[in-house]
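These are my notebook entries on one structure.

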Amino acid sequence: MLTTSSGGSAFQSISGLKEMVYENRMTYAQRWGYDFMWANITSYDFGAKAYWNKSPILQDAFHRFPDVEWVWWLDLDIIIMNQSLDLQTHVLSNEAMLRSLDVDGIIYTTNHQPTEMKTATSFNPDILIANGGWGMNVGSFLLRRSYWTDWLLEMWADPLAIKQDWVFPENDGWTHLYRHHKIVRDATGPTKQRVLNPYHPKNPNGAHWEQGDLLVHFAGCGGKPICKDYWHEMWELREKAPVPESVRKDLADGTAKIETFEKG
């Protein structure tokens, strides 16, 4: 499990947000035996805007944890709502993957316009990413260790892509690769949106969180004042699983590993 932040996001104006996110994700990680890495996104600077740092951070995660097969990227503005649902049962087993994949789904643009293109689904994917009414959103996705993944992380932050005048730069960069490169489509498993990326109920573009879903993503909320209320509403609706004592202790004594992973 991989999260990043730097203190510069307007969403972080919510009081105690990072501590809530740490408690939420560490509780889930410890329950299911997952590693959790919270990276300081600005420390991975390579001369581009910080949102392009996804690629070097993911490369670093695979390097730091050489035994992991999958890395789950989670943006900061996400709450894991169902602590009882592990990733293997939910989406990674063969049975779960077949149930979750969005076969021949309509692909939308990031401004919620349908395209003529439909999902080309791999049944042995190297990336699992939700398809929905706002396109394929890179706020929550699973990436498998592979040579293809090494290639993708090089190409995603290619200098030519970084120079483009895209509205949602790294998201549009991913969409460009998917739409124009068969090698990307052949390795992609687009899932139904609610499998990996349901939106909060006030987002008009795409499928909304429903009871039992793994998570809720506040995509598009940003620094709007009302987002604080949305966040706290959903926080109260999450499954209130017991928080491990070690997590409570880390938060209480200030030793929680929040933004502690930096570029080596």
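Entry 1: I began with β8, where 10 of the 10 residues are buried, so the strand is largely enclosed by the rest of the structure. Buried means under 20% relative accessible area, exposed over 50%, and partly exposed in between, with a 1.4 Å probe and protein chains only. Helices (H or I, at least four residues) and strands (E, at least two) are DSSP runs, numbered from the N terminus. I note that this is a predicted model: local features need pLDDT of at least 70, side-chain atom pairs count only at pLDDT 80 or more, and totals for chains, interfaces and linings use all residues. Residues are numbered from 1 along each chain as its sequence is written, and side-chain values use heavy atoms, leaving out hydrogens and water.

I then looked up the partners of β8. Two strands pair if DSSP finds at least two bridges between them. β3 and β8 are antiparallel, with 5 bridges, and V71 stands opposite L143. β7 also runs antiparallel to β8, again over 5 bridges, with I127 opposite L143. A hairpin of 2 residues connects β7 to β8.

**Entry 2: the cores.** A nonpolar core is a set of buried Ala, Val, Leu, Ile, Met, Phe, Trp, Tyr and Cys residues joined through side-chain atoms within 4.5 Å. The largest one holds 46 residues, and W72, L128, L142, F218 and W231 have the most contacts inside it. α1 gives the most to this core, with 7 residues. I checked F218: leaving aside residues up to four places away in sequence, F218 touches F11, D77, I79, H200, Y230, W231 and M234, where contact means heavy atoms within 4.5 Å. A second, separate core has 33 residues, including M37, W73, M117 and W156.

**Entry 3: the cavity.** On a 1 Å grid over the protein atoms alone, a cavity is a set of points where a 1.4 Å probe fits but cannot get out, and lining residues have an atom within 4 Å of a point. Grid points are joined across faces, edges and corners, and a volume is the space filled by probe spheres set on the points. I found 1 cavity of 30 Å³ or more. The largest cavity contains about 40 Å³ of space. Its lining consists of I107, Y108, G135, M136, W174, T175 and Y178. β5, β8 and α7 each supply at least two residues of this lining, and α7 gives the most, with 3.

Key:
On a 1 Å grid over the protein atoms alone, a cavity is a set of points where a 1.4 Å probe fits but cannot get out, and a pocket is an open set with protein on both sides within 12 Å along at least five of seven lines; lining residues have an atom within 4 Å of a point.
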